[in-house]
Amino acid sequence: MILIQNGAIITLDDNGQIFEPGYLTIEGDRITAVEKGFPDQKVLESATETIDASHKIVMPGLVNAHTHLFQTFLRGLGDGKPLQQWLEAYIWPFSSKMGVYEAQLAALIGLVENIHSGSTAVIDNQYVHNTPEMDDVFCQAAVQTGVRYLMARGWADRNYHPAFIETGEKIIERVGSLIERWNRHESGRIRVEFGPLSQPRCSIDTFEKMIRFARQWNVGIHMHTSETTIQTNQCIDETGLRTIEWLESLNCLDENTRLVHCVWLSDYEIELISKRRAKVIHCPVSNMILASGTARVPDMLKQGVSVALATDGPGSNNNQDMIETLKTTLLLHKITAMDAMALTPETVLWMACRNGAEAFGLPGQIGSLEKGKKADVILVDSFSSFAYPIHRVATTLTYNLHGSDVDTVMVGGQFLMKNKKITMLDEAYLLEECEQARKSLLKRAGLVSS
Ligand SMILES: [Zn+2]
């Protein structure tokens, strides 16, 4: 049994309990107790490993509900460009030249970054399939690093860079075989579902076919939705409907539909999302970097919509730091509403963990520290001149601390990082390999002359 004691525990249970101090015990992959105060002698004696969490915040792992791990090799490229130009001039040429080796490194370093900043579950919208084995490489990186991983396997069958277009038949066949290979792997820690890129990139025929197979195979659909006015207007021009109305007309919306961005929504679209219990994934940093707009998050929350948080790909963020995303979410919606009470630290933590668990499809399993849930736990070091003195831990965590303050990370009872050291691989060696691979890939993509 592992015992974590002396820390300030943010449980994120239904009552929002915070124990200062508290302790928790873990057996196998589950949490067996979360209690206020100090453990008694019996608990102390039955612990095989005891972690002292003094001056640390203990909380559920964050869920990064939308990223593109392959873009780890693209951060900073094309800085300052709007979405379409950024895609055409940088993302497409670069990613179409990416091989299996670079994909593996991008996935590993991207997941290591997620671990360092406290994410224990990651949804990766993976849409680079230059070779048939590329998708498997990302799942293998999740096996190696120990992260809880959901691949929203991206697809497009029109209006996209030719290197990424597949036929409807190939899409169903390839996603189906991935689901077969991975969805029962590692006790369900790794899963694959559909990731249609966006309405303008997907033909209606393939989209309808995908909905049928998603229901048959009991997997979700994860899609960029209403990210920009351009995308939204393209949908209206083609179908006569706004994007969420179009999804409703196809009978696509249900609790397994995960809608990424949702920046440009009408009141009616918010109502539809709420009624169908579809999930929304908000990426504030990316929306700000690409100047896409501000999603109506407080309005959605008021309507009972489950809104999770995400970094989006490191190409448009340029990091995958979910603690930074907590603060950015707070600030963005306060200034947009001109209301200092638009969101609270507790609300954004709930969004990142509890709503994150729903977006990940595991609401009863992860997202809070409660007896019986999976032991996905992080310890964040708050003994810092950036934070002291501490009046309220939720405020300190969201406003004062940084991803780099995350000290220890555990997924399903297994340590992925201890005292800031990644346990599953040699991080320094990985960084060196990435730098070498970056240079040769840029050259191949024609983005640098030498
Ligand atoms: Zn994205």
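1. A salt bridge here is a side-chain nitrogen of Lys or Arg within 4 Å of a carboxyl oxygen of Asp or Glu. With that in hand, have a look at D135, R153, E166 and R174: these residues are linked in a network of salt bridges. Keep in mind that you are looking at a predicted model. Over the whole structure, a search turns up 24 salt bridges.

2. Now for some single pairs. E49 forms a salt bridge with K418, and their closest N and O atoms are 2.5 Å apart. E49 sits in strand β4 (residues 49–52) and K418 in strand β16 (residues 414–418), so this pair ties together parts that are 369 residues apart in sequence.

3. R438 and E435 form a salt bridge, with 3.1 Å between the closest N and O atoms. Both lie in helix α15 (residues 427–445), three residues apart, which is about one turn of the helix. R438 counts as partly exposed at 34% relative accessibility, and E435 counts as partly exposed at 32%.

4. One more pair is R277 and E255, whose closest N and O atoms are 4.0 Å apart in their salt bridge. This one links distant parts of the chain, 22 residues apart: R277 is in the loop between α9 and β12 (279–282), and E255 is in the loop between α8 (243–249) and β11 (257–261). R277 is exposed, because its relative accessible area is 57% and the cut-off for exposed is over 50%. E255, at 46% relative accessibility, counts as partly exposed.

5. On to the metal. Which residues coordinate the zinc ion? They are H66 (NE2), H68 (NE2), H224 (NE2) and D312 (OD), at 2.1 to 2.5 Å. Along the sequence, the donor residues follow the spacing H-x1-H-x155-H-x87-D. H224 lies in strand β10 (residues 221–225) and D312 in the loop between β13 (306–309) and α12 (322–337), so these two tie together parts that are 88 residues apart in sequence.

6. Why is the zinc arrangement called irregular? The four donor atoms subtend angles of 87 to 169° around the zinc ion, and that makes the arrangement irregular. For four donors to count as tetrahedral, all angles must lie between 85 and 135 degrees. As for burial, H224 counts as buried at 10% relative accessibility, and D312 is buried with a relative accessible area of 4%.

7. The largest pocket holds about 510 Å³ of space. It is lined by 25 residues, and the closest to its centre are E255, N256, K279, E358 and G361. By class, the lining has nine nonpolar, nine polar and seven charged residues.

8. The second largest pocket has about 290 Å³ of space. Of its 19 lining residues, L83, Q84, T228, I230 and Q231 are the closest to the centre. The elements giving two or more residues are α2 (83–96) and α7 (229–239), and α2 provides the largest share, five residues. This lining is made up of nine nonpolar, eight polar and two charged residues.

How values were computed
Residues numbered from 1 in each chain as written. Predicted model: local features only at pLDDT ≥ 70, side-chain atom pairs only at ≥ 80, totals over all residues. Heavy atoms only, no water. Donors = N, O, S within 2.8 Å, 3.2 Å for Na, K, Ca; no water. Tetrahedral: all angles 85-135°; square planar, octahedral: opposite > 155°, others 65-115°. Helix = DSSP H or I, 4+ residues; strand = E, 2+ residues; numbered from the N terminus. Buried < 20%, exposed > 50% of the residue type's maximum accessible area, 1.4 Å probe, protein only. 1 Å grid on protein atoms, 1.4 Å probe; cavity = no way out; pocket = protein on both sides within 12 Å on 5 of 7 lines; lining within 4 Å. Points joined across faces, edges and corners; volume = space filled by probe spheres on them. Nonpolar A, V, L, I, M, F, W, Y, C, P; charged D, E, K, R; others polar.
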